[in-house]
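Thanks for passing this one along. Here are a few notes to read beside the model.

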Amino acid sequence: MVQPTDEQERAVEKFRTRRPLKIAAFAGTGKTSTLSFMARSRRSSGLYLAFNKAIATEAKEKFPRTVDCRTTHSLAYRSVVSSYSSGDKLSKTLYAPQFAAIERYPPRRFGQKLRLTGVQQAHLVLGTIKRFCQSADPDIVDAHVPRYGRLLSVSGTTLGEVRAWSVAQATALWRRMKDRNDELPMGHDGYLKLWALSGPRLNAEYVLLDEAQDTNQVVLGVLQRQNSQIVYVGDKHQQIYEWRGAVNAMEQVAGCDETSLTRSFRFGEPIAEAASRVLGRLGESQRLRGNPMVRSSIKDALTPTRAVLARTNANVIVEVLEAVRAGRKPCIVGGTGELTRLLSDVYELKDEKPASSPEFFGFASWREVVAFADSEEGESIKSFVQLVEQHGENKLWPAVKGAHEDEKSADVVLSTAHKAKGREWDSVRLTGDFASSRADADPAEDQAETRLFYVAMTRAKSVLAVDPTLLTHFTTEARTARTSSSSGGASRAVEKKAPLWKRLIGR
């Protein structure tokens, strides 16, 4: 039987006190095994809440029978489904074209310049519902109206009109979604929200919340109302989903005992040392320790690897093109659906038809998208627009559609850093677009980019292939020190800046 480490033993000891607990677990440090040790230390009933169904299913094999391993959605569905005559009411998704056809929205103008088609209006209303369902708020308000695509450049009276109309329409839609006699489905986010609003009580003496850094307000609100012991486990430095409503429970929750897991079982000391320097840029004082039983090394970006991780979808497509050109068979993590959706929208916009992607919301033509990409607000889609302009959608489409779906049969695995979360490979290369964020980024944006880089680099077990300047960029404290009140911060940044990659590459 595997014996717990000293850190895991401390976590078990704190768990036995039955007080709320936060476990800060760095990348690859054995969160699941630690939680399993904790569960086996008590005979009382427990609940393990996983990020997705696959993780919950895998956990069932590792936890004792006294622990119910579930997702929050499965808990909510089980509680709510008996109130409705059909499960389809809960589980089916209402899409924008379908809702637009039901509501028959005519084209609508907001202010002088913003004109939205019926499908775009439906898209906006459904987006408002989604953000409301992920929040802890009891009612739909202005803050739930999303701002993406063309709405990023809208302000003042026009923005006020958009918000007022969206809130009114979303409130009416939510009323219909809850109505047992109305056929409109509420979807997975909807029944989770409905469950949360009912004030549920969880039938468990303790609750283990995994990936607590990427939970959402609606789930966090439910947990904070429980009488059970709550254990929050996660890594605040791996929070990368705030753009879709996630909140960092590791920082928001107060009044807990705390402990940490700092030794990675995934990789050896060279990768751990580099990751520790990245963590230092994020203000972390503890260092990540490597596994002495694993041989790891950091190589240059020309080293062939099993997996290639990019910051953006655009660079994933670039890697697809490169792989095909080299006669290799690429596989895209998560499938090609998101990329084909973006490329499909390019065809639509070039035909002056509205697109369905949030990235292209509100635009009437591809010309408008190209112009927007050159503005400060359009920075997030600039690389994709440049890729289309350079290669053309007719070349990109067959390359993406031709990617393999079976990872085992592929020569190389391609992914964005976001979709690689929770995964690991023997060898990983990082593309250069991680350093493409603006040089004048504010501290919050800079930290978000650094967290994403930390997640990406810690997917590697044996080999991390990365450009030396990219590694230096994310292990330098120069930008972080600029916001520090201590006079010593700048000097420490200069002291740590240069030699890291020279020491690590080739180990």
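This is a predicted model: local features need pLDDT of at least 70, side-chain atom pairs count only at pLDDT 80 or more; totals for chains, interfaces and linings use all residues.

1. Residues are numbered from 1 along each chain as its sequence is written, and side-chain values use heavy atoms, with hydrogens and water left out.

2. Have a look at strand β16 (residues 460–465), which pairs in the parallel sense with strand β11 (residues 297–299) over three bridges. In this pairing, Lys299 stands opposite Ala465 of β16. Strands here are DSSP runs of E with at least two residues, helices are runs of H or I with at least four, and both are numbered from the N terminus; two strands pair if DSSP finds at least two bridges between them.

3. Strand β15 (residues 425–430) is also a parallel partner of β16, with four bridges. Here Ser427 sits opposite Val463 of β16.

4. Arg18 has a phi near 70°, a positive value in a residue that is not glycine. You will find Arg18 in the loop between α1 (6–16) and β1 (21–25). Its relative accessible area is 47%, so Arg18 is partly exposed (the class between buried, under 20%, and exposed, over 50%, with a 1.4 Å probe and protein chains only).

5. Glu211, likewise not a glycine, has a positive phi of about 50°. Its place is the loop between β6 (206–209) and β7 (215–216). Is Glu211 buried or exposed? Glu211 is buried, because its relative accessible area is 13%.
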